[in-house]
Amino acid sequence: MIASSSQFEPEPSEESHREFSVMELAPMQVGIVTDLFAPDDIAGRLKSLGLCSGRRVQLVKAGDPIIVRVLGSRLGISARLARSIQVRPDTCVEEGVART
C-alpha cells in the first residue's frame with residue numbers, strides 16, 4: 001500500500017492559526033492581515049494604504065504610534081487604531097524579511 005502525500009505533510013501548528021492584534025507582533029515579525037475591526041470609513045482608508053486582508057505586514061517599531069512596513073512603505077498608526085488590525089503569524093518568512 002502506498003501512502004498518500006498528505007500523510008507526509010506536517011500538521012499546521014496551532015500558532016499559525018492564532019489571530020491577534022498587529023500590536024502583538026514582535027518587532028520585525030511578519031503577520032498576515034486577516035480582518036479590520038474598524039468603522040467602514042477608517043477601514044477604507046487603511047485598505048487604501050495597503051492594509052487589507054491577506055496582506056503581509058511587518059512590525060518595525062512598537063509603541064504609540066506603531067510603525068509597520070506594508071508593500072515596501074512604512075506607516076505610522078496610532079495604537080488605538082492598530083488594535084483593530086487583526087493578523088496571524090506568517091510562517092513562510094525567512095528570518096524577518098517580509099515578502100510583499
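The legends below describe several close-up views of a predicted model of one protein chain.

View 1. The chain has 100 residues, and 33% of them count as buried. Its accessible surface amounts to about 6500 Å², and carbon and sulfur atoms contribute 52% of that area.

**View 2. Strand β3 and its two partners, β2 and β4.** Strand β2, which covers residues 30–36, pairs with β3 in the antiparallel sense, and 3 bridges join the two. Within this pairing, Val30 has Gln58 of β3 as its bridge partner. Strand β3 also pairs with β4, again in the antiparallel sense and over 3 bridges, and here Lys61 is found opposite Ile67 of β4.

**View 3. The turn of the hairpin between β3 and β4.** The hairpin of β3 and β4 has 4 residues between its strands, and one of the residues to look for is Gly63, whose phi is positive, near 125 degrees. Gly63 sits in the loop that runs from β3 (56–61) to β4 (66–70), and with a relative accessible area of 35% this glycine is partly exposed. Apart from neighbours within four places in sequence, Gly63 is in contact with Met23 and Ala79. Gly63 and Ile77 are separated by 14 residues in sequence, and their C-alpha atoms are 9.6 Å apart in space. The loop between β3 and β4 also holds Pro65, and the peptide bond that joins Asp64 and Pro65 is cis, with omega at about 10 degrees.

**View 4. Two residues other than glycine with a positive phi.** Most residues other than glycine have a negative phi, and most peptide bonds are trans. Met28 is not a glycine, yet its phi is positive, at about 75 degrees. Met28 belongs to the loop between β1 (20–21) and β2, where it is partly exposed, with a relative accessible area of 37%. Leu71 likewise has a positive phi, near 55 degrees, although it is a residue other than glycine. Leu71 is placed in the loop between β4 and β5 (73–77), and its relative accessible area of 43% makes it partly exposed.

**View 5. The salt bridge of Asp90 and Arg56.** How many salt bridges does a search of the whole structure find? The search finds 1, and it is formed by the side chains of Asp90 and Arg56, with a distance of 2.5 Å from N to O. Because Asp90 lies in the segment after β6 (85–89) while Arg56 belongs to strand β3, the pair ties together parts of the chain that are 34 residues apart in sequence. Asp90 is buried, with a relative accessible area of 10%, whereas Arg56 is partly exposed at 22% relative accessibility.

**View 6. The largest nonpolar core.** The largest nonpolar core contains 19 residues, and the members that touch the most others are Val22, Leu51, Val57, Ile77, Ile85 and Val87. Two or more residues of this core come from each of β2, α2 (40–48), β3, β4, β5 and β6, and the largest share, 3 residues, is given by β4. Beyond its neighbours within four places in sequence, Val87 is in contact with a number of residues, including Phe20, Val22, Leu25, Ile32, Val33 and Val57.

**View 7. Two cysteines, Cys52 and Cys92.** Are these two cysteines buried or partly exposed? Cys52 is partly exposed, with a relative accessible area of 22%, and Cys92 also counts as partly exposed, at 47% relative accessibility. A disulfide is a covalent bond between the sulfur atoms of two cysteines. A search of the whole structure for such bonds finds 0 disulfides.

Key: Residues are numbered from 1 along each chain as its sequence is written. This is a predicted model: local features need pLDDT of at least 70, side-chain atom pairs count only at pLDDT 80 or more; totals for chains, interfaces and linings use all residues. Side-chain values use heavy atoms; hydrogens and water are left out. Buried means under 20% relative accessible area, exposed over 50%, partly exposed in between (1.4 Å probe, protein chains only). Accessible areas come from the Shrake-Rupley method with a 1.4 Å probe; for residues, only the protein chains shown count as cover. Contact means heavy atoms within 4.5 Å. A disulfide is a pair of cysteine sulfur atoms within 2.5 Å. Two strands pair if DSSP finds at least two bridges between them. A salt bridge is a side-chain nitrogen of Lys or Arg within 4 Å of a carboxyl oxygen of Asp or Glu. A nonpolar core is a set of buried Ala, Val, Leu, Ile, Met, Phe, Trp, Tyr and Cys residues joined through side-chain atoms within 4.5 Å.
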